[in-house]
Each structure stands twice: as C-alpha cells, then as structure tokens.
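Biologist: I would like to go through this model with you, term by term. Please back each label with its cut-off.

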Amino acid sequence: MLRIGLTGGIGSGKSTVARTFAELGATIVDADVIAREVVEPGTPGLAGLVEAFGDDILLPDGRLDRPALAAKAFTDDESRATLNAIVHPLVGARTAELIDSAPEDAIVVQDIPLLVEGGMAPLFHLVVVVFTDESVRLRRLVDSRGLDEADAKARIAAQATDVQRREVADIALDNNGSPETLVAAVRQLWSERLEPFAANLRAGVPAAPPLIVREPRAEWARRAERRSRRLRLIGGDEIVDVEHVGPTVVDGMPARDVVDLVITAESAEHAAAVADRLPAAGFPRVGADIAGFRRLWGPVTHASADPEEQVTITIGAPRDTAVHTAHVVRDRLRTDGDSRLAYLALERRAAAAADRADDPRAAFGAVIDDGLPGLHSYLLGS
Ligand code: ADP
C-alpha cells in the first residue's frame with residue numbers, strides 16, 4: 001500500500017486534487033469528514049463531549065453546535081486538551097479502520113488540512129502539498145466559497161506558513177493557474193511517479209538507479225532531511241542515528257542523483273528488526289537477484305521504490321564495517337580533494353560504460369564491481 005499525505009493551506013485547492021486522485025483510482029481518506037463523523041448524533045464521541053462540556057453544546061436537533069463547543073473548549077489549555085483527548089483517538093481509530101479496509105495494492109491519499117501543524121509528514125511515503133499564493137487563495141475563498149474576507153484572512157493566519165509546508169513537501173503542486181493545469185499536473189504525478197512507486201512496492205524492488213553523474217543539487221540536503229525524519233520514525237528507539245553520507249553530502253560535488261543515508265542501529269538485532277520494516281516503508285531490499293544491483297550499491301542494503309527521488313540506505317550496528325565505511329568515506333570526500341577526484345573518476349567511468357552498453361545497469365555494475373574494492377581501500381587508507 002502506498003500512502004500519500006495531501007495538504008495545503010485553506011483555499012489552496014486540496015479538494016480539487018483529492019477529487020482528481022479519486023477519479024484516478026486512489027482511496028481517499030478525508031480528515032475533515034472523519035472529524036465530523038466521529039461526533040455525529042448517537043456517537044460515543046458526541047456523548048463524550050456532552051459529558052465534558054455540558055449539553056448546551058448541542059443544537060435543538062441534537063447535533064453538535066460547533067461555535068458553542070469552540071467557545072468552551074478553546075478558552076484554556078486544559079479544555080483544549082480535554083477536547084483533543086476525546087476527539088483525537090476516535091479520529092485516529094476511524095482513520096486506521098479506513099486504511100486497513102483499503103485493498104493491499106491501493107494508493108491511499110489522506111487529505112489532512114493540518115498535516116504540517118500536526119507534524120505528520122514522516123507517516124507517509126510521500127507528502128503532496130498544494131501551493132497557491134495567499135492573495136489568490138483569499139480571492140477564491142471569498143469569491144467561490146463565499147467566505148467573509150476577514151474570516152478567510154484569520155483562518156489563513158492561524159495555519160502553518162508556506163515556508164513550513166515547503167520543508168516537508170516531497171511534491172509541490174502549483175495552483176495559481178487554471179483548474180485544468182492543476183488536474184493535468186495531478187494526472188502526470190499519478191502515472192509517472194505514484195503508480196510506478198506503488199508497483200515497485202508491491203514487487204518489493206527498488207526503483208532503477210540513475211546511472212549518470214550530474215551537477216550538484218541544493219535539493220539533496222532537503223531530501224536527506226525529509227527521508228531521515230521518516231526513517232527516525234520507523235526506527236524509533238531501536239536506532240541511534242540517521243545520517244546523510246556519500247557524495248551528495250559534499251558541497252559542490254557532482255554525483256548521481258541518489259542520496260545515501262546510513263542508519264546506525266542500537267545493535268545487530270535492532271538493525272535486523274528495523275531492516276525488516278524498511279520495505280513496507282518504501283525502501284525495499286537491494287537484492288543479488290537484480291542484475292548488477294548488489295555490487296552496484298556497494299554496502300547498501302535498501303533503496304527507495306520511489307522512481308523520482310532516489311535514496312539508498314546502509315543499516316548496521318555502530319561497529320559494523322558498512323557503517324564505519326560510510327562514515328569514513330563521507331569524511332574523506334568532505335575533506336580531501338584527491339579522494340573526491342578518485343570517487344568521481346570511478347562513477348564517471350561506470351557512467352560512460354553504461355552509456356555505451358546494451359544493458360546499461362549491468363555495465364555500470366561491472367565497472368563498480370571492478371573498481372570499488374580499490375577505491376574503498378584508498379579512501380579508508382588501508
Ligand atoms: P481547499 O480544499 O484547499 O481548502 P478548495 O479546493 O476548496 O481548497 O479551493 C478553494 C476554492 O477555490 C474553491 O471554491 C475552488 O472551486 C476554487 N479553486 C480551486 N482551484 C482553482 C483554480 N485553479 N482556479 C480557480 N478557482 C479554483
């Protein structure tokens with residue numbers, strides 16, 4: 001199952017995006033709908049609220065009077081905590097129920113207005129954020145949705161900023177243009193990235209690795225940060241650290257478009273336990289069964305199923321050779337120009353061989369197979 005988090009500021013166009021995903025076959029789980037559902041008349045949620053806040057939070061017909069509840073629950077931290085303690089577990093349980101009942105091969109899109117505010121980004125394989133300039137959102141909220149301007153402004157101001165959303169966005173959709181442009185972007189995202197990602201996940205294989213060396217991208221550090229946050233969540237107490245290693249961590253160094261991460265686990269047992277969770281989290285094992293793959297990646301054990309933003313993972317206990325090597329190679333690449341040249345020379349030789357070959361990946365792998373032991377002993381100074 002591929003899990004996508006969808007968010008964006010109020011009026012950014014999330015509903016249009018969710019609708020398009022639904023048409024394409026996604027299972028939509030809408031946080032706003034669930035939040036209303038769990039406090040409908042006759043629910044334990046509504047009964048809990050009445051018990052905590054009194055029956056004057058009800059309308060004459062027995063439904064929840066939201067403004068009346070807000071007036072009571074948002075007055076102090078304790079009341080707010082009481083409200084959250086009633087509603088949050090119910091929303092969580094209902095969300096889990098809906099996700100569990102989706103087919104195993106589903107692409108589940110969770111529409112969550114406050115995803116960023118709730119720190120939920122690491123829960124998802126990918127986070128899609130809809131970005132629309134504030135002035136445009138304001139106009140649309142007033143013109144199309146009939147909101148009062150001051151109210152719309154206040155709601156925008158109460159949410160996270162686009163800068164904060166940018167930090168967690170794996171995919172940014174721009175909705176300053178026409179609805180047609182937005183729909184076309186969603187369709188393209190679906191067919192070019194989400195469907196192949198889901199197919200790789202199902203098959204338990206990483207996406208094909210890029211075989212060309214390119215100029216450095218500022219985006220690499222942000223990708224490393226986003227993926228590390230997810231891996232820290234998945235690893236929990238069993239891991240000590242997640243670090244960005246390899247050539248993409250070095251300022252200004254050309255590299256293949258692959259961010260290398262190393263996970264240091266508490267122990268070999270913990271490393272094995274976390275490694276078992278990585279495939280479902282979006283990072284299938286790198287297997288010898290895939291031509292050229294195992295050696296191509298050196299000590300890497302897992303790589304992302306995402307066809308666009310490649311990540312490799314090396315996981316081990318603190319004293320494992322693979323973990324130690326990753327650290328030493330990173331430090332050498334950062335501090336020593338000759339090491340960078342040697343590293344780049346091997347990658348470029350492999351890329352050139354791939355460029356000429358009928359089976360580029362095997363050709364790339366063969367050159368790396370041949371050169372990696374020598375490069376590592378040079379970098380490790382042995
Ligand atoms: P959200 O769900 O993110 O709060 P909506 O999808 O409801 O936002 O969009 C806000 C309003 O703007 C809606 O009335 C919607 O029809 C309108 N809208 C969305 N996208 C566009 C667009 N590209 N051009 C014009 N109006 C749009």
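Biologist: Which atom of Pro-179 lies 3.2 Å from a nitrogen atom of the ligand?

Modeller: A backbone N or O atom of Pro-179 lies at that 3.2 Å. A polar contact is a pair of N or O atoms within 3.5 Å. The Pro-179 pair, at 3.2 Å, therefore counts as one. Taken alone, the ligand exposes 560 Å², and the protein buries 79% of that. Such areas come from the Shrake-Rupley method with a 1.4 Å probe. Before we go on: this is a predicted model, where local features need pLDDT of at least 70 and side-chain atom pairs pLDDT 80 or more, while totals for chains, interfaces and linings use all residues. Residues are numbered from 1 along each chain as its sequence is written, and side-chain values use heavy atoms, with hydrogens and water left out.

Biologist: How do you know how the shell around the ligand divides?

Modeller: It has 2 nonpolar, 10 polar and 3 charged residues. Asp, Glu, Lys and Arg count as charged; Ala, Val, Leu, Ile, Met, Phe, Trp, Tyr, Cys and Pro as nonpolar; the others, Gly among them, as polar. Helix α1 (residues 14-24) gives the most to this shell, with 3 residues. A helix here is a DSSP run of H or I, at least four residues.

Biologist: Why is the aromatic pair of Phe-21 and Trp-190 called tilted?

Modeller: Ring centres must lie within 6.5 Å; planes under 30 degrees apart are stacked, over 60 edge-to-face, and the rest tilted. Phe-21 and Trp-190 are 6.0 Å apart, centre to centre, with 50 degrees between the planes. So the pair is tilted. Phe-21 lies in helix α1 and Trp-190 in helix α9 (residues 179-203), so the pair ties together parts 169 residues apart in sequence.

Biologist: Is Phe-21 buried or exposed?

Modeller: Buried means under 20% relative accessible area, exposed over 50%, and partly exposed in between (1.4 Å probe, protein chains only). Phe-21 has 0%, so it is buried. Trp-190, at 6%, is buried too.

Biologist: What makes Arg-166 a charge over the ring of Phe-131?

Modeller: CZ of Arg, or NZ of Lys, must be within 6 Å of the ring centre and within 35 degrees of the ring normal. Arg-166 lies over the face of Phe-131, 3.7 Å from the ring centre.

Terms used. Polar contact = N/O pair within 3.5 Å; in protein donor to acceptor, adjacent residues only side chain to side chain. Helix = DSSP H or I, 4+ residues; strand = E, 2+ residues; numbered from the N terminus.
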